[in-house]
Structure formats: C-alpha cells, structure tokens
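This report describes the fold of the model shown below, element by element.

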Amino acid sequence: MHTGHYISGGAHGILILWALFGGMFRSDPPEVQVAEVSVISEAQFAAMMQPQAAPQLGAEPAALPQPQIEEQPPEPPVQDAQPTPPPEPAEPEVSDPDPAPQPVLPQPEPEVVETLPQPPAPEPVPEVEAPEVALRPIPRPAPRVAPEAVPEPAPDAEVAPEVQETVERSETPDVTDAEEQQATAPEAATTEIVTEAEEPARAPSASVRPQVRPNRPAPTPPQTETAEAPSEPASAPEASPPAQEDTAAADATASAIAGALEEALSGGATDGPSGPPLTQGETDGFRIAVQDCWVVDVGSQAANVTVTVGFDMDRSGRVVSSSLRMLAAEGGSGSAVETAFQAARRAILRCQGDGYNLPPEKFDQWKTVEMTFNPESMRIR
Amino acid sequence: MKQVVAMLLTVLGMAVSAPMVAMAQSGPLRIEITEGVVEPLPYAVPDFVAESAGAQQLAQQIARVVAEDLTGTGLFREVPREAHISQITSFGSPVQFADWKAINAQALVTGAVSSDGNRVIVKFRVWDVFAGTELGQGMQFAGTPDGWRRMAHKVADQVYSRITGESGYFDSRVVFVSESGPKDQRVKRLAVMDYDGANVQFLTGSNALVLAPRFSDDGQRVLYTSYETGMPRVHVLEVGTVQSRILQGQDGVMSFAPRFAPNGQTVVYSLTQGSNTDIWAMDIGSGGVRQLTSAPSIETAPSYSPDGSQIVFESDRSGTQQLYVMSASGGEARRISFGQGRYSTPVWSPRGDMIAFTKQNAGRFHIGVMRTDGSEERLLTASFLDEGPTWAPNGRVIMFARETQGAQGSSSLYTVDISGRNLKRVRTPEGASDPSWGALQ
C-alpha cells in the first residue's frame, strides 16, 4: 500500500546523495587556455605596420657550375669474348615528301573471254539399302540347332527323319512303278545360332504413318443417282395406272431434290480440298516458320516488289523443289522481281528443315500453297 | 412416300452442312508474309583453285579480295573457311550442296585461276545453295598479273549483281583531296584511288590549294577548284596525262563548285560577280556560257539529275541555306527542303530517286537523303563535321568526309549504306576529304 512512498523516498534519497557527493556543487572552475603575449611599444608597432619594400634586384647571379666534359671517354670495360659488331642499320626508305604527280596509267582492263558452259550435275546420292517404310514385322523363325546342317525342306514335305521324294501314280503302267507315297524330309536345322545383332542392320528410316481418318464421301454421286432413279419405274408403265401417277410425282420430287442438291453444293466445294481446314494457329505457325528465313534487303529495288510464289508439298511437309514457281509480281523492274523471287524461294527452302510442322490429317488443305511476300512494311522511309 | 421424306431430310442435312464446307478454303492454301529479317546473307568463298603452277598465291589473293568486297557491303556475311565441310579441289567438279547447306551458306562462289606469267585467267561460278542451281552462267576474265585486283573486283561485281539483282560498285575509283600536315598548315592535293582505298595516285602537286574534285562519267577527266592564281578558278584535268587547264578564264571573277553534266560536254558551276553568286553552265567544246539563276542570293553546289533534265542546288534566298530543284535550262526553282537547320551540297543519286545532302542542325552535321520532291528525309550520320556526300555508281552507298574535333583533328573518308547501316572508314594513307565517286569501269 505504501510501495509507492517507499520507491519515491528511495529515489529521492539517491538523488540527494548524488547531489551532495557526485560533484554537482563542486566549485572548481573549468580550465582556461592561456596564451602568452608580449608587450611592445608604440614605436615598435609603427615599425611593424610599415609597408615592406620590394627586394632590390641584385647583381648578375653567379654562373652555375657547368658540368665538366671529360676529354677522354672512359675506356669501356674489356670483355673476354670477342665483341660482335652491331648490326648495320637498315637502309631507310627514301620517300619523297612531295612526289610530283605522275600520269595515271590506265589499269589493265580485264576482258571477258567467254561464259563458261554448264557444269556437270552433282552425282546422285546413293540410295540406302534400308527400306524407306517398314512393313509389319514378320517374326523370324527360330533356328534349330543340330549336329549337321539340314537345308530347308520342300514346302509340302512332312517332317520325318528320312528323306522321301514324292511318288505319284504314273499314267503308263510300269513294272517298277512304286507305291504312291507322301514326300518327307527332316526338319531344317543349322549348326549355330546367328542372332540379329550379328547381322547387318536393316533398320528402316521411317515407320508407317498412322492411317488418316477417311475422307468424307464425295457428294457428287447423288446427282446422277437421283436423275436415274425415275427411269426404273418407267420400264413398266402400263402395269397399273395408280403406279403411273406415283411415278410422275416421284419424278417431279426427284428433279426438285436434284436441283436443291445442286444449289446446296454449289460454291466450289466439290473442286476444293476436302477435310477440315487449318486452324489459325497452324497457319500462323507455317507463316512464322517461313518469315524467319525471309531475308529482306531493305535498301534494294527488290524491296519494292511483292511476289507470290506457288509450290507443292509432300505429306512429310517438305517442299517439292521443282514445283516452286512465281505466280505474280507487283512493282520493280525485271531484275528486282527476279531477286525478290530468289529471296522468297530461299526462305521457303531454307526453313523447311525436315518438313514444315503441318497436320498430316489435313494434307489436302496444304498440299498446294500460294505464298505472298510483301515487304511494304519493311521498306526504309 | 417414305422414300420422298428420306430424300428431303437428306437434302436438308446437306443444305445445312453446305455453308460449313464453303467456309473451308477452296483451292490452294494462301498465306501472306509481311515481316522478314534484315541480316547479312551468309555465303562462302573457298580459295580459288590454282590451275597452273604459279597461281596458288594469286588464287588466294583474288578470293580474299572478292570476299572483302562482298562482306564490306554489309549485305553479306562470309562463312569462315574453317567451317567449310567440302573443299573445292577442281573447278569443274560438281558441288556437294548438302555440305554447304549444313553450314548455312546460302550462296557459294567457286573459282579458278591460271597464269602463264604474262596472262592471268580468272573464272568463277555463283551457286544458290538451297535451290541447288547456278545463279547466271560461269564467266572468266583475262588480264595481266598487275591487274589482278581489278579482276577480283569484277568477279565481286558479278557476284553482287547476281545475288542482289543490282549492279555492283567494286570496280570503280574515287578522286579526292589528300591532306597532310598540321591543321593550320595543311597541304591539299588531288589524288585518285580504288573505291576501297587501294592504289592511291596523286594528280596535282602541293603548290596550290585545291578543292572539290568531280569525276566525269567516263572517269577520264576531273573538274576541281584551284587557288593557283590566288583566286578560286575551275580547272579541268585529264587523268591520263595529269594535264590541267583553267576552264573559265574571266579575270577578277571567282568560279567554283563545278560538276559535269551526264553528257560530259556541259559543266555547271558557281560564279561570283561582286557580292552575288549564281549558277552558270558552260559548253566545254564551244566555251559558250549561260546563266541559269539570277537571284540576289547565293546559289551554289549544283548537281544534275541522271537524265540531265534537272539541277538541284543550294540557295539562301529564303534566309537560310535550303535545297532547290530547277530545270537544267534554268528558270523557276522549287524548294524541296523544309526541315530545321541548314542544307547544303546536294547530290542527285545515280538511280534518280533520291538526293543526298549535308545538314547542319543544333551544332551537329549530318549526311542525309530525301526523295527528289523533298519527302522521306532521313539522316544517316551525325558527328562534329560530316560533309560532301557522293554516291556509289549503283546508288546504294554514300561516301563522305568526316573531320574530327580539336587542333589535332583530321579528315577521313567514310561510307554508309543508304539504309543508315554499315558505317565504315575508308583506309587512306593520309587524311582525305572531298570525295567524288566515279562510274563503274
């Protein structure tokens, strides 16, 4: 209850003790720095304050001691070995700082002798022995090991330890005619097992491409079928009069259907590629792959040419080189057009690698391509 | 009746699906590409085959000059020889395109050199590696051993032309002012060199200040301004004999900034009478002159269009130096430069589609190009002092003089592609300024 008083009293006691013995009321003054001074008279002060006269130029300074030149250079130290004479300095090239102008002789004019004939075509690369496409693998028959090698028996011979040729009944009777017997032969055998690892490799370079989804059936046949359909009932017109009325109605219906079909299928769908179209992503992927290899010389005349190149592709996505052709060109001179076509052709061929990444199931959509190279946005301005 | 209903349903189904089929593309796949890459085209030049005993070194030198020419354009990048898989050991042997495809060489130059000591024959072929075909036909040049560099330049011109579809500029020469000595006592002389700085030959002595040499189209004559008489005068110099004469001899009159017309018979230049400078034209054959401008301002630096029908020049008639175009026979001029700063030293492109100029703006000098109507102005360089552009014969590259700052500053020649890329210094033995690029030889 009196805790607060105790604490307060203690603290005040400590404070009073510190004030008494802690030096708070000590009377020692702090030390003062004292500078020693000297007293001078007024005359001395006036003499000090007078302007100092500039120093007078004295007489000629004494000559500096010159280094003594020895009359005789010190003898070089004698060396035991025979000194080798220093190498002769190279003759400096005499160059006229201001050569007179000389007539400029015409440089020899090279002459074009002739154009060279066509070089030989490169030799074709030899075909590999391995088949391009492997068929379904056929299991190898396991070899039978026997003390003696036995050749492959005839296909229709039964397996038997003894060899028996086929004996057939002859048309002409013969005394020695043997009894009719089935051919037999011992089973084929070899003396050692030859594994696949010891045979030359015949691995195929490609496997069978997965079978694509079958194309939609061509829509053209219904037109002819419907046209021919009414002719069948017409073969028996007089069999029953009500049937004749039905036939006439069916004929009109069939012609209407044929017309509707023709209208529905018009629009070129019959002569265009079948199957689903390429997605935007697939088309963009193809475009980006080619444009990465399209080198544009922005300062050239060819940069003013827009060229359209047509080409065919195989199912692996590779360009058929011989099919590359220029379909159209706009702007620029003849040589500029040819240069633009070459640049486009290089771009198409260079970036194909092992084939462009296009969906094989949509081959009909991209087997023929028309690619337009338009450098308008890249021209320097 | 059932049959009819079934057929109607079939027709209905096909009619519904028909639009979907129509939505699919018809005919070939059509793609438009509008973005390509701007990069040097990789090519390979293996050492040419030496077909005679003493031609080994020559074959290597010629192949190297061809490679330097092509790579120097900035349009081609040589695949280093260390990367080559195939070696060309015989000029007639077939090319293994697969080996060159593997190192991504898009073009291949093969060649052979034979020499009997007095006559050198260089033959070459250019190949499109990825198409597997030859570009153009094989060709061969014959000349003397002294002319091996020219033959190499001619081979490079052919290669350049077959790949780019445009003529080259390697077998050409440049006349310029060679400068030596400190800046305050500089000695200036006319000199001529190959486009790459080789084979420098002096045309004048150092007794008089010379300025602004200009080649004629045939490269046989040079116009220049000389202070030989104490007054600037236009001189014409025959390159073959190094003989020169004053073209315009009127006393007390300054004439300068001369340039040949494309026909080689007319010279256009500036003439100062009193305080007025106008453009005049002179027929070299008859000596007849006619005044083309008559403004009270300063008209100078005239340059003909390639067809000789128009002249571009600079004038301060609007208060600052600007570019104007007028008919070659004089008359009304139209202003084509409207940007900030001062325009000077216009030169018409050999292609006829652009005009190069010097521009001074905000304390910097630029070399720029614009269309002949003043549109599409582009500045290609910027430095303390760039001036005096001149076009390569094919109108693709511009050479100009660049001077460095300070008391020790010197002038050098540089080239830049009109796309603004490939800024390069031309190697000259001394300082150089005022270049004028001659035609293809």
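## Basis of the description

Helices and strands are taken here as DSSP runs, a helix having at least four residues (H or I) and a strand at least two (E), and they are numbered from the N terminus. The model is predicted.

In chain B, helix H4 (148-164) comprises 17 residues, and the distance from its first C-alpha to its last is 24 Å, close to the 24 Å expected at 1.5 Å a residue. H4(B) is mostly covered, with 15 of its 17 residues buried. After H4(B) comes B:Gly165, which has a positive phi near 80 degrees.

Helix H2 (residues 56-72) of chain B also has 17 residues; at 1.5 Å a residue these should span 24 Å, which agrees with the 24 Å between its end C-alpha atoms. Just after H2(B), B:Gly74 has a positive phi of about 80 degrees. The buried residues of H2(B) include B:Leu58, B:Ile62, B:Val65, B:Val66 and B:Asp69. In an α-helix, residues three or four places apart point the same way, because there are 3.6 residues a turn. The packing partners of the buried residues of H2(B) are strands S2 (41-44), S3 (49-50), S4 (76-78), S5 (107-115) and S6 (120-128), together with helix H4, of chain B.

## Chain A and its strand S6

Chain A contains seven helices and six strands. Read from the N terminus, its elements follow the order α-α-β-β-β-α-α-α-β-β-α-α-β. Of its 381 residues, 13% count as buried. Among contacts in chain A with a separation of 6 or more, 78% are between residues 24 or more positions apart.

S6(A) runs antiparallel to strand S4 (residues 306-312) of chain A, to which six bridges join it. Within this pairing, A:Met371 is the bridge partner of A:Val309. S6(A) is also joined to chain B, through five bridges to strand S1 (residues 29-33), and these two strands run parallel. Here A:Thr372 has B:Glu32 as its bridge partner.

## An open sheet in chain B

Four strands of chain B form an open sheet in the order S24-S25-S26-S27, with antiparallel pairing. Strands S24 (342-348) and S27 (378-379) each have a single partner strand and stand at the edges, so one side of each is left without a neighbour in the sheet. Strands S25 (residues 354-361) and S26 (residues 364-371) are antiparallel and are joined by eight bridges.

## The largest nonpolar core

In soluble globular proteins, nonpolar side chains tend to be buried together. The largest nonpolar core of this model has 140 residues, of which A:Ala340, A:Ala344, B:Ile62, B:Val66, B:Leu108 and B:Ile398 touch the most other members. Helix H6 (residues 334-350) of chain A supplies the largest share of this core, nine residues. Domain 1 (41-164) and domain 2 (251-440) of chain B each contribute at least three residues to the core.

Which residues does A:Ala340 contact, leaving aside its neighbours within four places in sequence? They are A:Ala302, A:Val305, A:Val307, A:Ala329, A:Gly332 and A:Phe373.

Conventions. Residues numbered from 1 in each chain as written. Chains lettered and ligands numbered in written order. Predicted model: local features only at pLDDT ≥ 70, side-chain atom pairs only at ≥ 80, totals over all residues. Pairing = 2+ DSSP bridges. Expected span 1.5 Å × (residues − 1). Buried ≥ 20, exposed ≤ 12 C-beta atoms within 10 Å, placed from the backbone. Contact = placed C-beta atoms within 7 Å. Core = buried A, V, L, I, M, F, W, Y, C linked by C-beta atoms within 7 Å. Domains from an automatic or database assignment.
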